[in-house]
Amino acid sequence: MKSQTAEKKYLPEMPQKEIDEANASVKSTSEKIMVDNIERMKKTDPNRPAAMKYFDDISNFFGQRKEEIEAEKAKGRKVIGYFCIFAPIELILAADAIPVRVNSGWYDTSKFGDRVVPVEVCPVIRSTIGAKMIGLSPYLELSDAVISTLTCDGMTKLSEILSDATQIWTMTPPRVKDSAQSLHLWKEEIKSIKTQIEKLTGNKITAKKLKAAIETMQKATKAFRRLQELRKGNPVIMGRDAMLVNQMSLWDDITRWIQKTEALCDELEKRAAQKAWACPPDTPRVIVTGTPMFWPDNWKLPSLVEEATPQGVLVGDELCSGDRILYDPVGIDEWTMDDMINGIAERYLMASTCPCFTSQDGNEDRINWLITKVKENNANGVIYYVVRGCMLYAMEYARVKRALDKLSIPVYYLDTEYTREDVGQMKTRVEAFLEMLSARVDF
Amino acid sequence: MVTTAGIDMGIQTVKIVILKDGEVVARAKAFSGFEPTKAAEQAYAEALSAAKISSEEVSNVSATGSGMDMAPYASGTVSMMGADAKAGVFLFPSARTVIDVGAEEARAVKCDERGIMMDFVVNERCAAGAGAFIEAMARALEVKMEDMGPLSLKAKRASPINATCVIFGESDVVSLIHRQESKPEIARAVFDAMADRISSMVHRLGINPDVVLVGGVAKDVGFIESLKRKLGLTILVPEHPEYAGALGASLTAASRVKGDHK
């Protein structure tokens, strides 16, 4: 563990009084936003699936789930946070620790991050730094260690900055996937994380425990895919609701999440049989790609799309905060330790469509995946969402646009910030895009 | 006989266009001010009287512009980009790209032969590519805004300034004044900087000729010249470019009456 007296390299000292006041104020705003977001989701789909109630409750950052984790922690279980979805969840579960994703979706904490890094830096990073400074994120505060994958420049420096206050374990992904050295390097990273998890928890990750964890996550993938599958036809669920379910898999007890998601899917199948659609079937269908968007504050774009005139529906996304989270299962030939580690390494590296990768073909995987998604989910258009400062996604746009143009798939580049002030301007753009999609569908 | 009206609730001015069987029969405008709805009511009354018709004769009123939700009389709205596409192709049937530069925003729209928008791009949230930039620079140069264009045409050469921000642009202009650059050269620098930004934006969208320029800034000869130079293309400019949004809304209203537009 990090010594408490170690000299801080980045984080400024803040008087406890200021921290407490800031925490209370941002927390109270956030509680209002969570309630408001859910009310708006209910309003958009007056026949919202009853099974959503569970996910609404779990989504409260300061509620039931936080208390559960606190209780588990009191019993001696460890909590392992992570930023990017490269963190091998199976290893965390196999050591009987609790995995939680800890990227910040709070707008109001970014102003504290601004005291450490310039405003040009990606707001997800600034906001996460700020959340740590005022101790806002219960899951980040409860984490005994945080796995930080050095994907983009922001994540790389974030790890260094947060080391001032939290135990950070870095993982270095290769920038090119398809070479022998890459997979080798990544496998070593996975092994080293395994050792660290074992050391922290005091639990040895045996082949038996790892097999059980892999099987649990395979079930999670199955439930996850079932939900995504249901979004391919006429809308049985609004995009925001599906996004909430997807994100809750990052924080919830995964076994319970699987049950609840399967129950939701049962309900959705009944809805489809009764042709009880969540919105009119001719509603323009949109797919979002780009910077991840996190509950609760950064629900701005999905809300705009689904509350717009003309209305749109999000039928899928290519986001690491969405349809990418659990889509890919770990593939295993033989249940030996070595094979399982191989399977985990391959799943987290090869299946990723993060723009941190490049190759001679460019980031071909992401483009292929996006196009498949557009076709399979019958999307009418794509919104390319970028927060300012998110270089990799911003830079890859030109290429993605060209690929989509070739297939006559409309795409719109929408850039924004961690702020509520630009909602009006965003609305103008989103509505024009949806109007264009309806006009193109009509003719 | 179909008579329709379009209301463009712009940030600085409200514009009205009345169409009768595909012909523009009246135009009117008013400063938006603090009460844009009232301004629109006044302009609308003015347009009706110019067209010598009563409000009952208007079958449909549609609104556009950033304040479209505040438009009086309107039964529907159309996005500013959708309105640009419709108006561009109505004015010039060969138009496939419409650039609209208004007081606070610049945008470019690609459209098909029916005037349906196919793609669009909007400037970054910054007024440096829009009319407000010319206004601020005219103030720094102590010349009237409408004199900026003719003044710039007298420039013998170009001197670059920064157009990433109105505030920094203004300080650039002040330093050019201190370097004793002539006013025509500085005026041209202002238009070149704007045209630079707008042409990068249009290039990101891709240019399909013919290109039409509309919006209040399309009345400025200085800007038209700079944009032509930057794009290296002929640019078609209608007689009343500032009414393009209202015209597009009125055309949308007409297709709503015919029932081929939601």
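Reply: Start with strand β7 (residues 106–111) of chain B, which five bridges join to β8(B), the two running antiparallel. This is a predicted model: local features need pLDDT of at least 70, side-chain atom pairs count only at pLDDT 80 or more, and totals for chains, interfaces and linings use all residues. Residues are numbered from 1 along each chain as its sequence is written, while chains are lettered from A and ligands numbered from 1 in the order in which they are written.

Me: What makes β7(B) and β8(B) a pair?

Reply: Two strands pair if DSSP finds at least two bridges between them. Here there are five bridges. In β8(B), Asp119(B) is the bridge partner of Lys110(B). Strands themselves are DSSP runs of E, at least two residues long, and helices are runs of H or I, at least four long; both are numbered from the N terminus.

Me: Why are β8 and β10 of chain B said to stand at the edges?

Reply: The open sheet has five strands in the order β8-β7-β6-β9-β10 (chain B), with mixed pairing. β8 (117–122) and β10 each have a single partner strand, so one side of each is left without a neighbour in the sheet.

Me: How do you know that β9(B) pairs with β10(B) and with β6(B), and in which sense?

Reply: Two bridges join β9(B) to strand β10 (residues 235–236), and these strands run parallel. Val211(B) has Ile235(B) as its bridge partner in β10(B). The link from β9(B) to β10(B) passes through helix α7 (residues 221–231) of chain B, and this β-α-β crossover is right-handed. That term applies if, with the strands pointing away from the viewer, the path from the first strand over the helix to the second runs clockwise. On β6(B) (residues 97–101), four bridges to β9(B) give a parallel pairing. Asp100(B) stands opposite Val214(B) there.

Me: Which way do the residues of β9(B) point?

Reply: In a regular strand the side chains alternate between the two faces of the sheet. In β9(B) (residues 211–214), Val211(B) and Leu213(B) point one way, Val212(B) and Val214(B) the other, and all are buried.

Me: Why is Ser249(A) called buried?

Reply: Buried means 20 or more other C-beta atoms within 10 Å of the residue's own; exposed means 12 or fewer, and partly exposed lies in between, with C-beta atoms placed from the backbone. Ser249(A) has 21 C-beta neighbours inside 10 Å, so it counts as buried. Ser249(A) sits in the loop between α11 and α12 of chain A. Among the residues it touches, leaving out those up to four places away in sequence, are Ala220(A), Phe224(A) and Trp257(A). Contact requires C-beta atoms, placed from the backbone, within 7 Å.

Me: How does the span of helix α10(A) compare with the expected value?

Reply: The expected span is 1.5 Å times one less than the number of residues. Helix α10 (residues 207–230) of chain A has 24 residues and reaches 35 Å from first C-alpha to last, close to the expected 34 Å. Its buried residues include Ala220(A) and Phe224(A).

Me: What makes chain B as compact as a globular protein of its length?

Reply: The globule rule is 2.2 Å times the number of residues to the power 0.38, and the radius of gyration is taken over C-alpha atoms. For 262 residues the rule gives 18 Å; chain B has 19 Å, close to it, so the description holds. Of those 262 residues, 53% count as buried.

Definitions and conventions. Two residues are in contact if their C-beta atoms, placed from the backbone, lie within 7 Å.
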